[in-house]
Amino acid sequence: MNEPVKHIAIIMDGNGRWATKRGLPRTAGHKRGAEVVIDISKAAKEAGVKYLTLYAFSTENWKRPKDEVDTLMNLLRQYLSENFEELNKNDIRICFIGEREMLASDIIEKMQYLEEKTKNNSSATLQIALSYGSRAEITNTVKKIAQKVKNGDMSLESIDEKTISDMLYTKGIPDPDILIRTSGEQRLSNYLLWQLAYSEFFFTPTYWPDFTKEELYEIIKTYQSRERRYGKI
Ligand code: IPE
Ligand code: IPE
Ligand code: MG
């Protein structure tokens, strides 16, 4: 069986440990990690994967020490301005999911600019989860639905699973076939709880800065040999 892979979601973890192991500041790991983002985005597209969703910063990551958050935000500023043009050249559409209003206004502007600039790219979509938390996403969706019912724009009886999927931040994007988490941790850390209901999970000990396209292709190969039963027999 060679089931095509439409969507891969990745929890890019282990930047800090990668750096600490080398006697470097954690920032060095984040820097290297950001470079891997570009390589893996191109590699996924080359493998025919239409959607790639990367967990870059969680709603819980705001609770890290201020200097680490500041450094991460500065790196983000730099990468959004300098490195993402490369993805545009590769015909990759870029979009962001998460609690946008928590980010600085200049970062929000850069995000909007990239979304606008790449909106007609059609080879693949890179969805970046930034200031993202699945529980916040679901909470917001519940509120939106409740408001519609309250206004009389939606009936209670008409609400089904599709209603919810279509109102999440990921609307219009198929659920991930594959979830990958690097760095050996085996938890979801508030990532895509609804969307990952039937995804195949892959946990690798590799720290994100060491993750390669060869490892990605190996995972895709293993996925294609697995059988997804969706509750059936
Ligand atoms: C992942 O690496 C990147 C972010 C969460 C921003 P970490 O910073 O979590 O690295 P470790 O897990 O501490 O090694
Ligand atoms: C999850 O990694 C978030 C991202 C990779 C952006 P964390 O390192 O923040 O998760 P925990 O704290 O190990 O659960
Ligand atoms: Mg971590």
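Trainee: Is Lys 119 buried, partly exposed or exposed?

Mentor: This is a predicted model, so the values that follow are computed from it. Lys 119 has a relative accessible area of 45%. Buried means under 20% and exposed means over 50%, so Lys 119 falls in between and counts as partly exposed.

Trainee: Which residue forms a salt bridge with Arg 228, and how many residues apart are the two?

Mentor: The partner of Arg 228 is Asp 177, with the closest N and O atoms 3.1 Å apart. Arg 228 lies in the segment after α8, whereas Asp 177 is in the loop between α7 (161-165) and β5 (178-181). Both Arg 228 and Asp 177 are buried. The pair links distant parts of the chain, and the partner asked for is Asp 177, at a separation of 51 residues.

Trainee: Where do Asp 210 and Arg 22 lie, and how many residues apart are they?

Mentor: The side chains of Asp 210 and Arg 22 meet in a salt bridge at 3.9 Å, N to O. Asp 210 is in the loop between β6 (200-203) and α8 (213-225), and Arg 22 is in the loop between α1 (15-21) and α2 (26-46). Asp 210 is partly exposed at 33% relative accessibility, and Arg 22 is partly exposed at 38%. The pair links distant parts of the chain, and the separation is 188 residues.

Trainee: How many salt bridges does the count come to, and which residues are linked in a network?

Mentor: A pair is counted when a side-chain nitrogen of Lys or Arg is within 4 Å of a carboxyl oxygen of Asp or Glu. By this rule the count comes to 18 salt bridges. The network of salt bridges links Asp 13, Arg 17, Arg 181, Glu 185 and Arg 187.

Trainee: How far apart are the mean positions of the positive and negative charges?

Mentor: The chain has 35 positive and 34 negative charges.

Trainee: What is the phi of Ser 183, and what is that of Asn 190?

Mentor: Most residues other than glycine have a negative phi. Ser 183 and Asn 190 both lie in the loop between β5 and β6. Ser 183 is buried at 6% relative accessible area, and Asn 190 is buried at 15%. The phi of Ser 183 is positive, near 85°, and that of Asn 190 is also positive, about 65°.

Trainee: What pattern does the chain follow along the sequence?

Mentor: The chain has eight helices and six strands. Read along the sequence, the pattern is β-α-α-β-α-α-β-α-β-α-α-β-β-α.

Trainee: Why is the chain described as being as compact as a globular protein of its length?

Mentor: The globule rule gives 17 Å for 233 residues. The radius of gyration of the chain is close to that figure, so the chain is as compact as a globular protein of that length; the value is 18 Å.

Trainee: What share of the residues counts as buried?

Mentor: Buried means under 20% relative accessible area. Of the 233 residues of the chain, the share that counts as buried is 48%.

Notes: Residues numbered from 1 in each chain as written. Chains lettered and ligands numbered in written order. Predicted model: local features only at pLDDT ≥ 70, side-chain atom pairs only at ≥ 80, totals over all residues. Heavy atoms only, no water. Helix = DSSP H or I, 4+ residues; strand = E, 2+ residues; numbered from the N terminus. Rg over C-alpha atoms; globule rule 2.2 N^0.38 Å. Buried < 20%, exposed > 50% of the residue type's maximum accessible area, 1.4 Å probe, protein only. Lys, Arg positive; Asp, Glu negative; His and termini not counted. Charge placed at Lys NZ, Arg CZ, Asp CG, Glu CD.
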